[in-house]
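Hi,

Here is the structure I promised to pass on.

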Amino acid sequence: MIDPHVHFRDGVQSAKETLQHGIEVAQLCHFNAFFDMPNTMPPLTDEKAILERLERGEALTKGELFYGVYGGITTDSDQVREMVALHQRLFPRIIGLKMYAGHSTGRMGIIMVEEQERVYETLTEGGYRGVLALHCEKEELLRESPNHSLARPPEAEIESIRDQIRLAKKSGFEGTLHICHISTKASVELVNEAKRGGLKISCGVTPHHTLLNASDSNSKDNLLKMNPPLRQEEERQALFEALLEGSIDWVESDHAPHTLQDKREGASGIPGFRGMLLLLKRLMGAGVSLPQLERLFGGRVCEVFGLELAVKVPTLEQIEIALEGARQSYPWDPYQALH
Ligand SMILES: [Zn+2]
(Lines give C-alpha, C1' and ligand atoms only; values in the text may rest on other atoms or scores of the structure.)
Protein backbone atom coordinates (compact mmCIF):
# COMPACT_ATOMS: atom_id res chain seq x y z
CA MET A 1 0.00 0.00 0.00
CA ILE A 2 0.99 3.64 -0.36
CA ASP A 3 1.07 6.26 2.37
CA PRO A 4 1.23 9.51 0.43
CA HIS A 5 1.60 11.82 3.47
CA VAL A 6 4.20 11.15 6.15
CA HIS A 7 6.45 13.36 8.26
CA PHE A 8 9.46 11.16 8.82
CA ARG A 9 11.98 12.52 11.34
CA ASP A 10 15.74 12.30 11.41
CA GLY A 11 18.87 14.28 12.24
CA VAL A 12 18.14 16.94 14.86
CA GLN A 13 14.66 15.45 15.33
CA SER A 14 15.87 11.90 15.95
CA ALA A 15 14.54 11.92 19.51
CA LYS A 16 11.02 11.93 17.99
CA GLU A 17 11.86 9.14 15.55
CA THR A 18 14.60 8.23 13.07
CA LEU A 19 14.01 7.78 9.36
CA GLN A 20 15.03 4.16 9.78
CA HIS A 21 12.47 3.55 12.53
CA GLY A 22 9.68 5.24 10.58
CA ILE A 23 10.39 3.19 7.48
CA GLU A 24 10.56 -0.04 9.50
CA VAL A 25 7.19 0.56 11.13
CA ALA A 26 5.63 1.58 7.80
CA GLN A 27 6.92 -1.63 6.25
CA LEU A 28 5.70 -3.69 9.20
CA CYS A 29 2.27 -2.13 8.50
CA HIS A 30 2.42 -3.31 4.85
CA PHE A 31 3.30 0.01 3.22
CA ASN A 32 5.72 -0.27 0.33
CA ALA A 33 5.69 3.41 -0.69
CA PHE A 34 5.63 6.70 1.21
CA PHE A 35 5.80 10.37 0.29
CA ASP A 36 7.69 12.47 2.85
CA MET A 37 6.63 16.05 3.58
CA PRO A 38 9.08 18.98 3.37
CA ASN A 39 8.67 20.70 6.76
CA THR A 40 11.68 18.83 8.08
CA MET A 41 14.68 20.38 9.86
CA PRO A 42 16.28 21.62 7.66
CA PRO A 43 13.22 22.12 5.39
CA LEU A 44 13.20 20.56 1.91
CA THR A 45 13.16 23.88 0.07
CA ASP A 46 16.45 23.73 -1.83
CA GLU A 47 18.33 21.24 -3.96
CA LYS A 48 20.98 20.42 -1.38
CA ALA A 49 18.51 19.59 1.42
CA ILE A 50 16.30 17.60 -0.96
CA LEU A 51 19.16 15.53 -2.38
CA GLU A 52 20.55 14.79 1.08
CA ARG A 53 17.15 13.64 2.29
CA LEU A 54 16.57 11.50 -0.81
CA GLU A 55 19.94 9.82 -0.49
CA ARG A 56 19.31 9.05 3.16
CA GLY A 57 15.82 7.65 2.48
CA GLU A 58 16.92 5.68 -0.57
CA ALA A 59 19.87 4.17 1.31
CA LEU A 60 17.35 2.79 3.83
CA THR A 61 14.72 1.62 1.34
CA LYS A 62 17.35 0.07 -0.96
CA GLY A 63 15.14 0.06 -4.03
CA GLU A 64 12.75 -2.38 -2.37
CA LEU A 65 10.37 0.33 -1.24
CA PHE A 66 9.46 3.60 -2.90
CA TYR A 67 10.64 6.71 -1.09
CA GLY A 68 9.64 10.09 -2.52
CA VAL A 69 9.75 13.61 -1.09
CA TYR A 70 7.73 16.76 -1.62
CA GLY A 71 9.61 19.95 -2.42
CA GLY A 72 8.47 22.82 -0.18
CA ILE A 73 7.25 26.11 -1.64
CA THR A 74 8.25 29.47 -0.13
CA THR A 75 7.23 33.07 -0.87
CA ASP A 76 10.38 33.59 -2.98
CA SER A 77 9.46 33.31 -6.70
CA ASP A 78 13.02 32.32 -7.66
CA GLN A 79 12.81 29.46 -5.17
CA VAL A 80 9.46 28.38 -6.67
CA ARG A 81 11.02 28.34 -10.15
CA GLU A 82 13.92 26.28 -8.81
CA MET A 83 11.47 23.76 -7.34
CA VAL A 84 9.61 23.47 -10.67
CA ALA A 85 12.88 22.72 -12.49
CA LEU A 86 13.98 20.29 -9.80
CA HIS A 87 10.65 18.45 -9.92
CA GLN A 88 10.93 18.19 -13.68
CA ARG A 89 14.43 16.77 -13.37
CA LEU A 90 13.93 14.43 -10.43
CA PHE A 91 10.30 13.21 -10.60
CA PRO A 92 9.22 10.80 -9.14
CA ARG A 93 11.93 11.08 -6.48
CA ILE A 94 10.50 14.56 -5.97
CA ILE A 95 6.93 13.46 -6.09
CA GLY A 96 5.29 16.89 -6.08
CA LEU A 97 5.34 20.32 -4.45
CA LYS A 98 3.77 21.32 -1.16
CA MET A 99 2.39 24.67 -0.08
CA TYR A 100 1.34 25.43 3.47
CA ALA A 101 -1.54 27.87 3.02
CA GLY A 102 -1.33 28.80 6.70
CA HIS A 103 1.14 27.95 9.44
CA SER A 104 1.32 24.43 10.83
CA THR A 105 4.48 22.75 12.12
CA GLY A 106 7.74 24.22 10.84
CA ARG A 107 6.63 27.79 10.08
CA MET A 108 6.42 27.16 6.34
CA GLY A 109 3.09 28.96 6.05
CA ILE A 110 2.36 31.26 3.10
CA ILE A 111 -0.44 33.09 4.80
CA MET A 112 -1.28 36.08 2.59
CA VAL A 113 -3.66 35.31 -0.27
CA GLU A 114 -1.64 37.71 -2.48
CA GLU A 115 1.48 35.61 -1.85
CA GLN A 116 -0.40 32.40 -2.56
CA GLU A 117 -1.62 33.94 -5.81
CA ARG A 118 1.95 34.74 -6.83
CA VAL A 119 2.90 31.09 -6.19
CA TYR A 120 0.14 29.92 -8.56
CA GLU A 121 1.23 32.45 -11.19
CA THR A 122 4.86 31.37 -10.93
CA LEU A 123 3.98 27.67 -11.10
CA THR A 124 1.75 28.29 -14.11
CA GLU A 125 4.34 30.43 -15.93
CA GLY A 126 6.92 27.71 -15.25
CA GLY A 127 4.66 25.12 -16.87
CA TYR A 128 4.26 23.06 -13.69
CA ARG A 129 1.95 20.10 -14.31
CA GLY A 130 2.63 18.00 -11.24
CA VAL A 131 0.73 17.73 -7.98
CA LEU A 132 0.54 20.73 -5.66
CA ALA A 133 -0.30 19.38 -2.22
CA LEU A 134 -1.94 21.93 0.06
CA HIS A 135 -2.25 22.34 3.79
CA CYS A 136 -5.40 24.46 3.99
CA GLU A 137 -6.02 26.47 7.14
CA LYS A 138 -6.65 30.18 6.65
CA GLU A 139 -4.57 32.03 9.18
CA GLU A 140 -6.95 34.97 9.74
CA LEU A 141 -9.74 32.59 10.80
CA LEU A 142 -7.68 30.89 13.49
CA ARG A 143 -8.54 31.97 17.05
CA GLU A 144 -6.96 32.10 20.45
CA SER A 145 -8.41 29.21 22.45
CA PRO A 146 -7.02 26.61 24.84
CA ASN A 147 -9.26 24.13 22.98
CA HIS A 148 -7.35 23.19 19.82
CA SER A 149 -10.51 22.21 17.89
CA LEU A 150 -11.96 25.68 18.53
CA ALA A 151 -8.65 27.46 17.89
CA ARG A 152 -8.52 25.99 14.37
CA PRO A 153 -12.20 25.96 13.34
CA PRO A 154 -13.73 24.23 10.27
CA GLU A 155 -14.20 27.61 8.52
CA ALA A 156 -10.43 28.13 8.43
CA GLU A 157 -10.05 24.96 6.34
CA ILE A 158 -13.13 25.51 4.18
CA GLU A 159 -12.27 29.13 3.30
CA SER A 160 -8.67 28.24 2.50
CA ILE A 161 -9.82 25.49 0.12
CA ARG A 162 -12.15 28.02 -1.51
CA ASP A 163 -9.15 30.38 -1.94
CA GLN A 164 -6.98 27.66 -3.52
CA ILE A 165 -9.65 26.64 -6.02
CA ARG A 166 -10.23 30.27 -6.99
CA LEU A 167 -6.51 31.03 -7.34
CA ALA A 168 -5.80 27.88 -9.35
CA LYS A 169 -8.60 28.72 -11.79
CA LYS A 170 -7.62 32.39 -12.04
CA SER A 171 -3.98 31.62 -12.86
CA GLY A 172 -4.84 28.84 -15.32
CA PHE A 173 -2.88 26.35 -13.16
CA GLU A 174 -2.25 23.16 -15.15
CA GLY A 175 -1.19 20.83 -12.36
CA THR A 176 -3.36 18.91 -9.91
CA LEU A 177 -4.39 20.41 -6.59
CA HIS A 178 -4.35 17.94 -3.76
CA ILE A 179 -6.13 19.05 -0.60
CA CYS A 180 -4.41 17.23 2.24
CA HIS A 181 -6.14 15.80 5.31
CA ILE A 182 -9.60 17.29 4.84
CA SER A 183 -11.53 17.33 8.09
CA THR A 184 -15.02 18.58 7.24
CA LYS A 185 -17.97 17.51 5.09
CA ALA A 186 -18.10 20.95 3.49
CA SER A 187 -14.49 20.50 2.32
CA VAL A 188 -15.39 17.23 0.59
CA GLU A 189 -18.30 18.98 -1.13
CA LEU A 190 -16.15 21.89 -2.28
CA VAL A 191 -13.55 19.57 -3.79
CA ASN A 192 -16.15 17.46 -5.56
CA GLU A 193 -17.94 20.51 -6.92
CA ALA A 194 -14.65 21.81 -8.36
CA LYS A 195 -13.91 18.35 -9.78
CA ARG A 196 -17.27 18.24 -11.53
CA GLY A 197 -16.46 21.68 -12.93
CA GLY A 198 -13.38 20.21 -14.65
CA LEU A 199 -10.61 21.24 -12.23
CA LYS A 200 -7.86 18.67 -11.62
CA ILE A 201 -8.23 18.29 -7.86
CA SER A 202 -8.13 15.50 -5.31
CA CYS A 203 -8.47 15.22 -1.54
CA GLY A 204 -7.21 12.89 1.15
CA VAL A 205 -8.48 12.06 4.62
CA THR A 206 -6.61 10.75 7.66
CA PRO A 207 -7.52 7.80 9.87
CA HIS A 208 -7.77 10.10 12.89
CA HIS A 209 -10.37 12.36 11.29
CA THR A 210 -12.49 9.35 10.36
CA LEU A 211 -12.06 7.31 13.57
CA LEU A 212 -11.80 9.89 16.37
CA ASN A 213 -13.66 13.07 17.31
CA ALA A 214 -13.04 16.21 19.33
CA SER A 215 -14.39 14.72 22.55
CA ASP A 216 -11.66 12.04 22.39
CA SER A 217 -9.13 14.82 22.06
CA ASN A 218 -10.45 16.78 25.05
CA SER A 219 -10.13 13.77 27.30
CA LYS A 220 -6.54 13.19 26.21
CA ASP A 221 -5.36 16.78 26.26
CA ASN A 222 -2.38 17.33 23.94
CA LEU A 223 -1.89 13.69 22.97
CA LEU A 224 -4.53 14.00 20.26
CA LYS A 225 -3.47 17.46 19.14
CA MET A 226 -2.85 17.81 15.40
CA ASN A 227 -3.48 20.23 12.52
CA PRO A 228 -6.23 20.32 11.36
CA PRO A 229 -7.72 19.26 14.70
CA LEU A 230 -10.27 16.54 15.43
CA ARG A 231 -13.85 17.65 14.71
CA GLN A 232 -17.34 16.97 16.07
CA GLU A 233 -18.84 13.48 15.77
CA GLU A 234 -21.17 14.53 12.89
CA GLU A 235 -18.17 15.55 10.81
CA ARG A 236 -16.34 12.33 11.60
CA GLN A 237 -19.34 10.28 10.50
CA ALA A 238 -19.77 12.33 7.33
CA LEU A 239 -16.10 11.78 6.40
CA PHE A 240 -16.37 8.04 6.95
CA GLU A 241 -19.49 7.96 4.77
CA ALA A 242 -17.74 10.02 2.09
CA LEU A 243 -15.00 7.36 2.04
CA LEU A 244 -17.62 4.64 1.57
CA GLU A 245 -19.31 6.63 -1.21
CA GLY A 246 -16.03 7.23 -3.05
CA SER A 247 -16.08 11.02 -2.82
CA ILE A 248 -12.65 11.11 -1.13
CA ASP A 249 -9.71 10.15 -3.35
CA TRP A 250 -7.47 8.43 -0.82
CA VAL A 251 -6.41 7.80 2.74
CA GLU A 252 -3.18 9.37 4.08
CA SER A 253 -1.74 8.98 7.56
CA ASP A 254 -0.18 12.40 8.23
CA HIS A 255 2.21 10.35 10.38
CA ALA A 256 4.00 12.88 12.64
CA PRO A 257 5.47 11.32 15.80
CA HIS A 258 6.83 13.26 18.78
CA THR A 259 8.33 12.47 22.15
CA LEU A 260 5.88 12.54 25.05
CA GLN A 261 7.67 15.59 26.38
CA ASP A 262 7.18 17.46 23.08
CA LYS A 263 3.49 16.51 23.15
CA ARG A 264 3.12 17.84 26.69
CA GLU A 265 4.72 21.06 25.51
CA GLY A 266 2.14 21.38 22.74
CA ALA A 267 3.57 19.74 19.61
CA SER A 268 0.97 18.88 16.92
CA GLY A 269 0.91 15.45 15.28
CA ILE A 270 0.53 11.75 16.09
CA PRO A 271 2.09 8.49 14.89
CA GLY A 272 -0.03 7.41 11.95
CA PHE A 273 0.53 3.91 10.55
CA ARG A 274 -1.50 2.06 13.13
CA GLY A 275 -4.45 4.33 12.36
CA MET A 276 -4.19 3.43 8.67
CA LEU A 277 -4.64 -0.23 9.53
CA LEU A 278 -7.47 0.45 11.99
CA LEU A 279 -9.27 2.40 9.30
CA LEU A 280 -8.61 -0.32 6.74
CA LYS A 281 -10.10 -2.85 9.16
CA ARG A 282 -13.11 -0.62 9.79
CA LEU A 283 -13.70 -0.23 6.05
CA MET A 284 -13.44 -4.00 5.56
CA GLY A 285 -16.01 -4.40 8.32
CA ALA A 286 -18.30 -1.96 6.51
CA GLY A 287 -18.20 -4.23 3.45
CA VAL A 288 -15.95 -2.15 1.17
CA SER A 289 -14.78 -4.30 -1.75
CA LEU A 290 -11.13 -5.22 -2.27
CA PRO A 291 -10.81 -3.17 -5.50
CA GLN A 292 -12.21 -0.13 -3.68
CA LEU A 293 -9.80 -0.66 -0.76
CA GLU A 294 -6.90 -0.91 -3.20
CA ARG A 295 -8.04 2.33 -4.77
CA LEU A 296 -8.21 4.15 -1.42
CA PHE A 297 -4.86 2.81 -0.17
CA GLY A 298 -2.75 3.51 -3.24
CA GLY A 299 -4.50 2.86 -6.55
CA ARG A 300 -5.89 6.34 -6.89
CA VAL A 301 -2.55 7.85 -5.79
CA CYS A 302 -0.84 6.02 -8.68
CA GLU A 303 -3.46 7.35 -11.07
CA VAL A 304 -3.12 11.00 -9.98
CA PHE A 305 0.71 10.99 -9.82
CA GLY A 306 1.18 8.79 -12.88
CA LEU A 307 3.04 6.01 -11.02
CA GLU A 308 3.10 2.27 -11.33
CA LEU A 309 3.47 0.89 -7.83
CA ALA A 310 2.14 -2.33 -6.36
CA VAL A 311 -0.84 -1.94 -4.05
CA LYS A 312 -1.47 -5.01 -1.97
CA VAL A 313 -3.99 -4.87 0.86
CA PRO A 314 -3.09 -7.17 3.80
CA THR A 315 -5.44 -9.83 5.14
CA LEU A 316 -7.30 -9.35 8.41
CA GLU A 317 -4.87 -11.73 10.09
CA GLN A 318 -1.85 -9.76 8.83
CA ILE A 319 -3.52 -6.54 9.98
CA GLU A 320 -3.97 -7.86 13.54
CA ILE A 321 -0.30 -8.81 13.80
CA ALA A 322 0.86 -5.46 12.41
CA LEU A 323 -1.48 -3.51 14.71
CA GLU A 324 0.18 -4.99 17.76
CA GLY A 325 3.70 -4.34 16.41
CA ALA A 326 2.85 -0.73 15.56
CA ARG A 327 1.32 -0.14 19.01
CA GLN A 328 4.56 -1.14 20.67
CA SER A 329 6.63 1.09 18.38
CA TYR A 330 5.59 4.46 19.87
CA PRO A 331 5.40 5.85 23.41
CA TRP A 332 1.61 6.27 23.31
CA ASP A 333 -1.35 4.97 21.36
CA PRO A 334 -3.61 7.68 19.90
CA TYR A 335 -6.32 5.10 19.30
CA GLN A 336 -6.69 3.89 22.87
CA ALA A 337 -10.14 5.49 22.99
CA LEU A 338 -11.34 3.06 20.32
CA HIS A 339 -10.95 0.05 22.56
ZN1 LIG B 1 1.09 16.72 7.37
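**Helix packing, core and a tyrosine**

Helices α4 and α6 cross in a right-handed way; a crossing is right-handed if the near helix is turned clockwise from the far one by less than a right angle, and left-handed if anticlockwise. Before going further, please keep in mind that this is a predicted model: local features need pLDDT of at least 70, side-chain atom pairs count only at pLDDT 80 or more, and totals for chains, interfaces and linings use all residues. Residues are numbered from 1 along each chain as its sequence is written.

Helices here are DSSP runs (H or I, at least four residues), numbered from the N terminus. α4 packs with α6 (residues 154-171) at an angle of about 40°, and their axes are 9 Å apart. Axes are lines fitted to C-alpha atoms over the stretch in contact, and angles run from 0 to 180 degrees between N-to-C directions. The pair is therefore oblique, the word for whatever is left after under 35 degrees (roughly parallel), over 145 (roughly antiparallel) and 65 to 115 (roughly perpendicular). On the α4 side, V113, Q116, E117, Y120, E121 and T124 meet D163, L167, A168 and S171 of α6. Contact is counted when C-beta atoms, placed from the backbone, lie within 7 Å.

α4 (residues 113-125) also packs with α3 (residues 77-90), at about 40° and with axes 9 Å apart. S77, V80, R81 and V84 of α3 make this contact with R118, V119, T122 and L123 of α4. The crossing of α3 and α4 is right-handed.

Now to the core. The largest nonpolar core has 85 residues, and C29, M99, L134 and I179 touch the most other members. Helix α12 (residues 273-285) contributes the most to this core, with seven residues. Such a core is a set of buried Ala, Val, Leu, Ile, Met, Phe, Trp, Tyr and Cys residues joined through C-beta atoms within 7 Å. Beyond four places in sequence, M99 is in contact with I73, I110, V119, L132 and L134.

Lastly, is Y330 buried or exposed? Y330 has 20 C-beta neighbours inside 10 Å, so this tyrosine counts as buried; the cut-offs are 20 or more for buried, 12 or fewer for exposed, and partly exposed in between. Y330 sits in the segment after α14 (316-327). Not counting residues up to four places away in sequence, Y330 touches P257 and P271.

Best wishes

Technical notes:
Helices (H or I, at least four residues) and strands (E, at least two) are DSSP runs, numbered from the N terminus. Two residues are in contact if their C-beta atoms, placed from the backbone, lie within 7 Å.
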